[in-house]
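Take a moment to look over the model before reading on.

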Amino acid sequence: IISASRASILLMILFIIYYLVFERGRRRFNKKLVVLASVVVFFLVLIFLPQFIQRELKDPLNKNWIAHNAPEKRVLIWEIAIAQSFHRPLSGYGLENFRSIYSSYFDKIPNEVDNAFLNQRNIVVDRAHNYTLDLLVFSGIVGVGLWIRFIYLLFKQAKARVLFLSLVFYCIWIQLQIQSIVHLIYFWLLAAYIDKSYEKNF
């Protein structure tokens, strides 16, 4: 939150909303605490939503802004990732090829030499900041389909509320951030724990 990370702010808002909507009826909450949480959510949305729309959606779509800033914005990267995936929709381009795929996109645009084009072409991008799009570029529709199937099975097995919510928040988080080894270890440990807890119930 202090770093203004979009994913952490979004997850905090969703977490508070979840407790206010779903847990309030199951548990007795102090009314002052409920009011305080509601105020926190209201002000987080009020403060960060306009900034998010301006910085992540409006600015990157402005060619003049791109010409004078470092355009490493998700909406621009996602657009290129989707465009490139259409060339190999089934199998993708293979692991760890996002950087070359991003660069090759600009090789297909002839006679473009303005600052906006050069700024966007010259940045180094090796991930889409969206795991679904990473999978689409790396392994195509086949890889994305298998991933969705795997996540679906995990949700079916996640009977404990804490495991289910952990998986929900993780799936939201990876659509906005780059996964590191630490995050992948967390995910596979979570998947293993869900599977183990499911086996104990049967």
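**A walk through the helices**

Start with Gln179. Setting aside neighbours within four places in sequence, Gln179 is in contact with Tyr131, Tyr170, Trp173, Ile174 and Leu184. Contact means heavy atoms within 4.5 Å. Gln179 sits in the loop between α8 and α9. Its relative accessible area is 16%, and it counts as buried. Buried means under 20% relative accessible area, exposed means over 50%, and partly exposed lies in between (1.4 Å probe, protein chains only).

Some ground rules come next. This is a predicted model, in which local features need pLDDT of at least 70 and side-chain atom pairs count only at pLDDT 80 or more, while totals for chains, interfaces and linings use all residues. Residues are numbered from 1 along each chain as its sequence is written, and side-chain values use heavy atoms, with hydrogens and water left out.

How confident is the predictor? The term pLDDT is its confidence in each residue, from 0 to 100. The mean pLDDT of the protein is 77, and 61% of its residues reach 70 or more. Where pLDDT is low, the predicted coordinates should not be read in detail.

Now the overall plan. The protein has nine helices and zero strands. Helices (H or I, at least four residues) and strands (E, at least two) are DSSP runs, numbered from the N terminus. Of the 202 residues, 36% count as buried. Take the contacts between residues at least 6 apart in sequence: 66% of them join residues at least 24 apart.

Look at helix α4, residues 74-85. This helix has 12 residues and reaches 16 Å from its first C-alpha to its last, close to the 16 Å expected at 1.5 Å a residue. The expected span is 1.5 Å times one less than the number of residues. Which residues of α4 are buried? They are Arg74, Leu76, Ile77, Ile80, Ala81, Gln84 and Ser85. Seen down the axis of α4, these buried residues fall within an arc of 165°, so they line one face of the helix. The arc is that of the directions from the helix axis to the C-beta atoms. An α-helix has 3.6 residues a turn, so residues three or four places apart point the same way.

Move to the largest nonpolar core, which has 31 residues. A nonpolar core is a set of buried Ala, Val, Leu, Ile, Met, Phe, Trp, Tyr and Cys residues joined through side-chain atoms within 4.5 Å. Phe98, Tyr102, Val137, Leu154, Leu167, Phe187 and Ile194 touch the most other members. Helices α4, α5 (98-107), α7, α8 (161-173) and α9 each supply at least two residues of this core. Helix α7 gives the most, with nine residues. Tyr102 touches Ile80, Gln120, Arg121, Ile123 and Val125, not counting residues up to four places away in sequence.

Leaving aside neighbours within four places in sequence, Phe187 is in contact with Trp147, Phe150, Ile151, Leu154, Leu167 and Tyr170. Phe187 and Leu167 are 20 residues apart in sequence, and their C-alpha atoms are 8.2 Å apart.

Phe187 also brings us to the rings. The structure holds 10 aromatic pairs. Rings of Phe, Tyr and Trp (its six-membered ring) pair if their centres lie within 6.5 Å; planes under 30 degrees apart count as stacked, over 60 as edge-to-face and the rest as tilted. The rings of Phe150 and Phe187 have their centres 6.2 Å apart and their planes at 70°, so the pair is edge-to-face. Phe150 lies in helix α7 (residues 131-157) and Phe187 in helix α9 (residues 181-200), so the pair ties together parts that are 37 residues apart in sequence. Phe150 is partly exposed, with a relative accessible area of 27%. Ring pairs link Tyr131, Trp147, Phe150, Tyr170, Trp173, Tyr186, Phe187 and Trp188 into a cluster.

Finish with two loops. Glu96 lies in the loop between α4 and α5, and is exposed at 56% relative accessible area. His129 lies in the loop between α6 (115-122) and α7, and is buried at 15%. Phi of Glu96 is near 60°, a positive value in a residue other than glycine. His129 has a positive phi of about 60° and is not a glycine either.

How values were computed. pLDDT is the predictor's confidence in each residue, from 0 to 100.
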